[in-house]
Amino acid sequence: MQQAPVKKMKAPEADDAMVIDTDDEAPKTKDFILRSYQKEVYEVAKRRNTIAVLDTGSGKTMIAIMLIKEISEAMKSSLDNKFILFLAPTVSLVNQQYEVIKIHTDLRVRQIYGEMGVDEWNAQCWEKEINDHQVLVITPQIVLDALRNAFMTMETVCLMIFDECHRATGNHNYARIMKEFHPLWIVKISYLNSRA
């Protein structure tokens, strides 16, 4: 598997962390304007798989929101029944990212984690969740189990975001998802390029 080169982006220093780029051409969310370094990462991420290496609080989630919005527009114009997965390693982060996505998009979003009784869900339950929602914010163990049981397939995922991807080492569920299901990935690039 060929790795894309990693380009480190420098986030603003603490003194200028609140500076917002007011460029009229800047992509906007409901009440957010991307900073120049965020726009740069966003533009790269639209074209290929990307790992954003930025400091805590530098706006990686807002870059993800922009990608989610971009991909969701492609989903609307497609007849495919695809959805977006946003993986977060803890229930707390699932809830946090769910709230952020709900605030900044008009998409149908659902958070899913183990305490919801997901272990008891059958294929029909999963089909309903996938059909009723455009974005699933979910813990990686749940995704791994759903993929292994064929309740979801990578062919139906048009964007997958790994929050805190630095955890994807060893036997972590992020790493297991990639090792077991990477050959089946339908990456966002192919979905976006099909619009061109």
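**Ground rules.** I number residues from 1 along each chain as its sequence is written, and side-chain values use heavy atoms, with hydrogens and water left out. Since I have a predicted model here, local features need pLDDT of at least 70 and side-chain atom pairs count only at pLDDT 80 or more, while totals for chains, interfaces and linings use all residues.

**Elements.** I looked up the secondary structure and found seven helices and six strands (DSSP runs: helices are H or I with at least four residues, strands are E with at least two, numbered from the N terminus). From the N terminus I read β-β-α-α-β-α-β-α-β-α-β-α-α.

**Burial.** I see 196 residues, of which 44% are buried (under 20% relative accessible area, 1.4 Å probe, protein chains only).

**Contacts.** I took contacts (heavy atoms within 4.5 Å) between residues at least 6 apart in sequence, and 69% of them join residues at least 24 apart.

**Main core.** Which residues have the most contacts inside the largest nonpolar core? I noted Ile68, Ile84, Ile101, Val135 and Val137, in a core of 30 residues (buried Ala, Val, Leu, Ile, Met, Phe, Trp, Tyr and Cys joined through side-chain atoms within 4.5 Å). Elements that each supply at least two of its residues include α1 (36-47), β3 (83-87) and β6 (157-162). The largest share, nine residues, is from α2.

**Ile84.** I skipped neighbours within four places in sequence; the contacts of Ile84 then include Ile68, Ile71, Val135 and Leu159.

**Second core.** I also found a separate core of 23 residues, with Val143, Leu144, Met152 and Phe181 among them.

Definitions and conventions
Buried means under 20% relative accessible area, exposed over 50%, partly exposed in between (1.4 Å probe, protein chains only).
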